[in-house]
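Please look through the sequence and the structure shown here before reading on.

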Amino acid sequence: MVAVKIDKLVKRYGELIAVDHLSLSIKKGEIFGLLGPNGSGKTTTINCLLSLLAYTKGDIEIFGKPMSDSSYDIKKDIGVVMQNVAVFDELTVYENIDYFCGLYIKDKEERKKCIEYALDFTGLSEFKKYYPKKLSGGLLRRLNIACGIAHKPSLIIFDEPTVAVDPQSRNKILEGIKELNKNGATIIYTSHYMEEVEQLCTRIAIMDKGKIIATGTKEEIKKMIKNTETITIETISFPKEAQADIRQLPHVYALECDDEKIVISFEGGNHNLLRVLEYMQKNNYSFGRVYSELPTLNDVFLEITGKTLRD
Amino acid sequence: MQIFNVFSKIALKKFSGTIMYIVIYTIVAVMVSNAAQSESELDFTESKPKIYICDNDNSMISRGLSEYMFSKCEKKEIPDGENAVSESLYFRTVDYVLTIPEGFGESFVNGGELVLENIKIPGSKSGKFTDMYVDRYLSLLKTNLSGQKNVEKAVSDTMKNLSDTTEVSVISKDDKNTNVNIMVYLFQFIPFIFIMVTVCGLAPVVMTFNRSEVKNRTRCSSLKNTSRNIQLTAGVIVYGLFVWLIMLIIAICMYGDKIFTTTGVLFVLNSLVFMMVAVGISLVVSNFELKSGALNGIANVVGLGMSFMCGVFVPQYLMSEGMLNVAKFLPAYWYVRASNMLGGVSGEVYDAGKFAMYIGIQLMFAVALIAINFVISKRKKV
């Protein structure tokens with residue numbers, strides 16, 4: 001069953017097209033990653049999805065119903081964790097969660113249980129009397145998450161929740177998101193960190209300039225490009241004849257060389273590394289470290305757009 | 001009521017910062033009212049220096065002088081003793097010691113050179129006053145002696161002339177203070193206080209809810225936008241009424257039943273309308289994401305600027321025509337006009353129509369400010 005359906009969404013700011021005929025469909029129970037560099041239109045898409053922004057054209061459906069600013073019955077099942085921390089500095093951790101949870105749940109007893117659940121889930125129980133200003137960046141992000149999930153929504157949108165967070169807190173946040181998904185929530189996760197998206201998401205859409213340039217599982221996306229393996233060999237002043245020989249090896253489609261290393265790109269094939277090492281030993285070429293890398297989403301992005309995700 | 005509850009909680013936390021203004025306001029109002037109520041400005045009592053006269057002459061003229069001086073000064077005795085005079089002056093038991101030398105009367109009539117001797121506290125006001133009384137007696141006596149040689153009659157005429165007293169009554173500028181309603185001294189500072197308290201106390205609370213992250217996050221929830229706006233509006237109204245009620249309680253404590261007279265109620269009504277203006281100003285300010293320092297700056301510029309320009313601190317009748325013409329474009333001017341009319345400060349007689357007009361103009365300012373707030377928040381909406 002489809003949780004979110006976006007059809008030909010267009011959002012213009014005057015002459016600038018922030019979202020350009022974007023269509024996507026997210027199934028219930030998925031962790032869907034929206035990946036793209038800063039300014040690619042991820043947050044604009046999310047804002048349109050939540051009806052925070054009026055869009056120029058297109059249709060948005062959530063749980064099979066059209067979404068609008070007044071779709072309060074849909075909104076009650078949505079949890080939002082904004083990119084910028086949205087909490088009150090004047091309220092304690094507990095009071096903040098109570099406030100945001102209270103926007104959905106009126107019953108005090110039920111709310112109390114939800115707050116305890118959110119505190120437990122984010123590991124903030126011991127900080128519940130703290131004011132946000134006393135919390136570290138990581139704890140503050142966790143509070144932001146607690147405020148977004150306390151009412152136990154079935155669709156949770158995380159808009160770059162790990163920006164400026166230390167690796168330890170980042171891992172906790174990602175583990176938490178996985179757990180929420182295990183408990184039945186559909187997750188939409190936007191980020192410009194490809195490692196996070198690769199680690200977390202079951203399906204991914206890569207965005208650039210307001211358009212989706214690739215979508216599918218990470219394996220499906222990686223198959224879209226020519227490169228299947230990159231081998232880097234640390235060596236000094238590798239001769240031109242040898243470079244030409246390596247170019248002749250099976251499945252090699254590109255080779256780059258400088259004074260310190262050679263980088264060989266392969267298109268398909270097995271045992272590519274063995275063949276390269278065999279050639280080096282046979283011809284007595286000395287070398288240092290050798291490593292083989294599988295393509296990343298960044299490679300996909302680079303090949304499709306000609307720039308990296310963090311450009 | 002989630003938003004209203006949190007609004008109240010944050011407002012109470014931030015209210016402590018504005019208590020200072022209310023306390024200062026109360027102290028100043030009490031001081032000004034007390035000073036205005038003090039009779040020293042309205043009555044005149046002739047001060048009486050303490051004098052000791054040593055009459056070695058005992059003539060008709062010296063006795064007349066003593067009699068006159070004792071009518072104007074407080075008669076004191078000095079005990080015998082070598083340093084008695086200087087000790088009495090040092091301890092201020094007397095202000096002036098006058099010695100009339102033997103033969104002074106005769107010398108005075110014949111134009112001789114014998115003079116009166118005096119010892120007084122150097123540079124004292126009482127000393128100068130007493131010198132003045134002595135000179136006045138001798139000058140008048142000289143005049144009365146010029147046409148005749150009858151000393152007794154001259155002294156008698158002099159005493160009669162000097163007995164004519166001058167009725168003194170203190171009249172303030174334009175004779176306006178005589179009918180001033182004492183309540184005006186409390187209510188005249190209201191524009192400054194209300195602007196300071198709402199801009200420094202209310203605006204930061206509204207700003208907290210207007211922060212784009214919190215506002216958007218709330219808009220994502222299942223709480224209806226109308227419910228959010230109603231709860232915020234209720235919070236703003238309750239805050240305004242709360243501050244206004246504090247002022248009202250202070251007024252009741254200071255003036256008791258006077259507040260429940262027609263004039264008192266009109267003063268209170270005027271202040272209530274100005275509270276709406278102050279709330280309007282704070283709502284407009286709250287649309288901008290400002291740090292507390294900037295907010296205090298704005299409160300001071302708007303509060304002090306408007307107060308000085310509109311006659312809150314300086315009476316409008318002392319201000320230039322040009323300044324008053326500019327001030328007409330500010331709400332505090334109309335508040336002060338209404339307040340002055342009720343208090344009888346400006347000499348303007350109470351007129352229900354004019355009062356309604358002043359109140360109406362303030363209400364229009366309040367409505368305009370709320371409309372500006374509405375337009376700004378609409379434009380800011382993403």
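What pLDDT does chain B average? This is a predicted model, and chain B averages a pLDDT of 86, with 92% of the residues scoring at least 70.

| Part of chain B | pLDDT |
|---|---|
| helix α11 (residues 262-285), highest | mean of 94 |
| helix α3 (residues 84-90), lowest | mean of 84 |
| residues 173-177 | under 50 |

For residues 173-177 of chain B, the model has five contacts beyond four places in sequence. The model as a whole scores ipTM 0.83 and pTM 0.72.

Chain B is assigned a domain 1 made of 2-39 + 175-380 and a domain 2 spanning 50-163, and the C-alpha centres of these two domains of chain B lie 62 Å apart.

Where the chains meet, chain A contributes 21 residues and chain B contributes 17 residues. On the side of chain A that touches chain B, α2 (72-75), β6 (78-81) and α3 (93-102) of chain A each supply at least two residues, and α3(A) gives the most, with three residues. The residues on this side of chain A comprise 15 nonpolar, three polar and three charged.

The largest nonpolar core holds 147 residues, of which A:I97, A:Y189 and A:I206 touch the most other members. Leaving aside residues up to four places away in sequence, A:I97 touches A:I115, A:A118, A:L119, A:A146, A:C147 and A:A150. A second, separate core has 20 residues, among them B:V94, B:I100, B:F104 and B:L145. In soluble globular proteins, nonpolar side chains tend to be buried together.

Key
Residues numbered from 1 in each chain as written. Chains lettered and ligands numbered in written order. Predicted model: local features only at pLDDT ≥ 70, side-chain atom pairs only at ≥ 80, totals over all residues. Domains from an automatic or database assignment. Contact = placed C-beta atoms within 7 Å. Helix = DSSP H or I, 4+ residues; strand = E, 2+ residues; numbered from the N terminus. Nonpolar A, V, L, I, M, F, W, Y, C, P; charged D, E, K, R; others polar. Core = buried A, V, L, I, M, F, W, Y, C linked by C-beta atoms within 7 Å. Buried ≥ 20, exposed ≤ 12 C-beta atoms within 10 Å, placed from the backbone. pLDDT = per-residue confidence, 0-100.
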